[in-house]
Amino acid sequence: MSDKVIIFDTTLRDGEQTAGVHFTAGDKIAIASALAAMGVDIIEVGFPGASPAEREAVSAVARVVRTRTLCALARAIPTDIDAAADALRHAASARIHVFLNASDEHLTHQLRKSREEVLEMAGHMVARARNHTDDVEFSPMDATRADPEFLFALVRTAWLAGARTINIPDTVGYVLPHVLGELIATLLNRVPELAQGRISFHGQDDLGLATANAIAAVRAGARQVEVAVNGIGERAGNTALEEVVVALRLHGGALGVHTDVDPRGIYGISKLVEEKSGILVPPNKAIVGKNAFRHASGIHQDGILKKRETFEWIDPAMVGNPHGTQIVLGKLSGRAGFAARAQSLGIGLGPEKLDLAFARFQAVADQKREPDDSDVRAACIED
Ligand code: KIV
């Protein structure tokens, strides 16, 4: 039996912290419904303490999306915690996610509180959240830059006050995978009670390491990963849902874990979030980028045409991509790709004719970024 990794989606909370993104209540309902349909375990819907409109939007989702645990974020202050509880009052299953600064950098320059004051706040505010729901998550913000001894004390305080999910946020995308793995393993060692609950990881992608860090966290014992669709989120974004789900599906056996999220929903949710957020997915984005399953060079095309797995080990159908594997003709594509395209257009070419037609095609492809079928047809017409 492998362990389940809980997929906690924060597209509607940290994802909405992407500069320029604004989700309406309707957008949140549409995205949360799609996430629920694909089996995402926990959906962080928003930050009700931020504004009355946000509170209303969270509440609107809670009335409609009934099949998953819905989560709301709260600073470790009474008004935020009560606002989160109020916004989630219609939820079928509600989690309050309390966060509080943990690093000295944050304590000294942002929060301006002593370590003792922070420990006291954590205990009181987690207990307050527990008065509203049994399902409380605690995040020591900037955990990966915090003094580990203080981090362990803060986590223990939150645990004793009733938080059963302890999230380790790499708030500024600072940590390296092996360091994070050691931190989580040490945390489990120093606060062994956590084995009765769940350790989570929340990564930001400032170094492009968010997915690698998430996998390192899982290897070290984390059993919840926080993700956002298309990797949207504050600054360089969050750990991408599609990357973690596919990595867990395809490497889960080796890691001894699994996810219940259905990867076939990935293409559709990526398009939905792209549309609602206005943040375009770069073509080279893993799993959901336009080029993720397109092959442009002659050597790769030749291999793909012989056996897809030579250069494409992830099946586009697995992630619901309706376009499938694509051979894209261009300056670097080869004879095999050209012949296959001609054949798909109903043009059979013997070896000599193929040589001539391919030479004509190459002359065009040298001048044109993406030659199309009309160029293939024209190259095949005999003089
Ligand atoms: O990046 C961060 O630290 C967060 C926490 C609130 C989890 O978003």
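Me: Which residues form a nonpolar patch on the surface?
Reply: Leu176, Val179 and Leu207 do, with about 250 Å² of accessible area together. Patch residues have over 30% relative accessible area and no salt bridge; like charges are joined within 9 Å, nonpolar side chains (Val, Leu, Ile, Met, Phe, Trp, Tyr) within 5 Å. A salt bridge is a side-chain nitrogen of Lys or Arg within 4 Å of a carboxyl oxygen of Asp or Glu. Areas come from the Shrake-Rupley method with a 1.4 Å probe, and for residues only the protein chains shown count as cover.

Me: Good to know. What kind of model is this?
Reply: This is a predicted model, where local features need pLDDT of at least 70, side-chain atom pairs count only at pLDDT 80 or more, and totals for chains, interfaces and linings use all residues. Residues are numbered from 1 along each chain as its sequence is written, and side-chain values use heavy atoms, leaving out hydrogens and water.

Me: Back to Val179: where is it found?
Reply: Val179 is in helix H7, residues 177-190. Helices (H or I, at least four residues) and strands (E, at least two) are DSSP runs, numbered from the N terminus.

Me: And why does Val179 count as partly exposed?
Reply: Because its relative accessibility is 37%. Buried means under 20%, exposed over 50%, and partly exposed in between (1.4 Å probe, protein chains only).

Me: New topic! Which residues surround the ligand?
Reply: Among them are Arg13, Asp14, His97, Phe99, Thr171, His202 and Gln204. Being near here takes a heavy atom within 4 Å.

Me: How far are polar side-chain atoms of Arg13, Thr171 and Gln204 from an oxygen atom of the ligand?
Reply: For Arg13 the distance is 3.0 Å, for Thr171 2.6 Å, and for Gln204 3.4 Å. A polar contact is a pair of N or O atoms within 3.5 Å; within protein, one must be able to donate a hydrogen and the other to accept it, and residues adjacent in sequence count only if both atoms are side-chain atoms. Taken alone the ligand exposes 260 Å², and the protein buries 94% of that.

Me: Which residues of H11 are buried?
Reply: Gly298, Gln301, Gly303 and Ile304. They pack against strand E11 (294-295), strand E12 (326-327) and helix H12 (335-344).

Me: What does Gln301 touch, beyond its neighbours within four places in sequence?
Reply: Its contacts (heavy atoms within 4.5 Å) include His295, Ile327, Leu329 and Gly337. Gln301 has a relative accessible area of 0%, so it counts as buried.
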